[in-house]
Amino acid sequence: MSDGFFLATERGHLYLARFGELQGRHVWLYLPPFAEEMNLSRAVVARQARALVAQGDAVVCLDYLGTGDSELELDQVDLNCWLDNIDAAVGWLRQQGVLSVGLWGLRFGALMATTYLDRQRQQQADVIDRLLLWKPVLDAKTLLGQFFRLRQVADSIKGLPKVNWLERVKQGETVEVAGYPIAPDWLNSIIEMRMRDQVGSQMPQTVWLEAASDKITPAVEKVAQLWPAQCLTLQHCQGSAFWQNPDCYDSPELILDTVQAWHSGVVPVHAKETMDVQ
């Protein structure tokens with residue numbers, strides 16, 4: 001079973017895509033990457049969702065407000081809004097009588113997952129029991145630098161002078177980059193996000209897959225070492241960078257590695273009892 005529906009929140013309606021029956025199952029809440037990476041990855045994400053459903057799990061894919069099929073525009077939201085979106089989706093899942101909730105994040109979505117966990121720790125909440133990270137963005141500043149280069153390349157093709165558009169947004173101007181309106185409130189709320197600042201002494205069981213990689217880089221190792229050793233499985237995985245490739249609709253190695261990590265005894269996961277409805 002798969003379907004899509006809208007969840008009402010204070011700021012607008014969130015679009016959620018559901019794969020599998022929810023009640024009594026472990027559910028993965030998928031957090032997407034940013035901008036065009038979100039669109040390019042949908043086919044592979046759907047394949048992975050169906051593979052997890054075949055193993056007895058369920059998956060719900062979230063479009064943050066201002067993105068995808070959810071309401072609002074990107075220049076109307078910020079980081080706190082997106083964290084509230086995750087909160088709303090998790091709260092709704094708990095009302096469905098699910099066994100437990102895990103977060104599955106791709107690229108920027110992986111950074112959102114650890115950011116959300118950090119906020120939950122500060123609020124002394126404990127509702128996430130598993131974490132699946134696909135090729136995480138380690139810090140938002142690097143991601144934004146790469147993203148704004150798209151505008152510089154577009155300007156260069158048009159023969160326009162070079163402009164530091166990132167600084168222009170920081171100073172209060174809304175700038176369009178690759179069709180996305182980047183506003184100061186949104187940018188300033190996420191630019192300092194760094195995964196290394198969000199890892200605590202208590203983390204849920206985590207599988208970190210460096211997709212489309214033939215090795216674990218020193219930068220990844222440095223952040224991964226902050227995890228409690230017994231809570232982390234880290235490995236690289238061959239394949240295409242489908243989130244950047246418009247002609248890639250499958251990633252069989254990554255999908256297989258993900259399923260095997262959670263359903264072949266690689267990760268010691270202890271299922272919780274069905275969550276209480278709040």
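The mean pLDDT of this predicted protein model is 93, and 95% of its residues reach 70 or more. An exception is the stretch 268-278, over which the pLDDT is below 50; beyond near neighbours in sequence, this stretch has 24 contacts in the model.

The description may begin with the sheet. Eight strands form an open sheet with mixed pairing, in the order β1-β2-β4-β3-β5-β6-β9-β10. Its edges are β1 (2-8) and β10 (232-237), each of which pairs on one side only. On average, neighbouring strands of the sheet are turned by 20° against each other, direction ignored.

Within this order, β3 stands between β4 and β5. With β4 it is joined by four bridges, the two strands running parallel, and leucine 29 stands opposite valine 60 in β4. With β5 the pairing is likewise in the parallel sense, over six bridges; here histidine 26 stands opposite serine 100 in β5. The parallel arrangement continues from β5 (residues 100-106) to β6 (residues 128-134), which are joined by six bridges, and glycine 102 is placed opposite arginine 130 in β6.

In a regular strand the side chains alternate between the two faces of the sheet. In β3, His26, Trp28 and Tyr30 lie on one side, Val27, Leu29 and Leu31 on the other, and all of them are buried. Because six of the six residues of β3 are buried, the strand is largely enclosed by the rest of the structure.

Helix α2 (residues 42-54) lies across β2 (13-19), β3 (26-31), β4 (58-63), β5 and β6, and runs at about 155° to β4. Helix α4 (residues 108-122) lies across β3, β5 and β6, running at about 140° to β5. At 1.5 Å a residue, the 15 residues of α4 should span 21 Å, and this agrees with the 21 Å that separates its end C-alpha atoms. The helix is mostly covered, with 13 of its 15 residues buried. Glutamine 124, which follows α4, has a positive phi near 55°.

Alanine 8 and glutamine 244 are 236 residues apart in sequence, and their C-alpha atoms are 31 Å apart in space.

Key:
Residues numbered from 1 in each chain as written. Predicted model: local features only at pLDDT ≥ 70, side-chain atom pairs only at ≥ 80, totals over all residues. Heavy atoms only, no water. pLDDT = per-residue confidence, 0-100. Contact = heavy atoms within 4.5 Å. Pairing = 2+ DSSP bridges. Axes fitted to C-alpha atoms, helices over the stretch in contact; angles between N-to-C directions. Expected span 1.5 Å × (residues − 1). Buried < 20%, exposed > 50% of the residue type's maximum accessible area, 1.4 Å probe, protein only.
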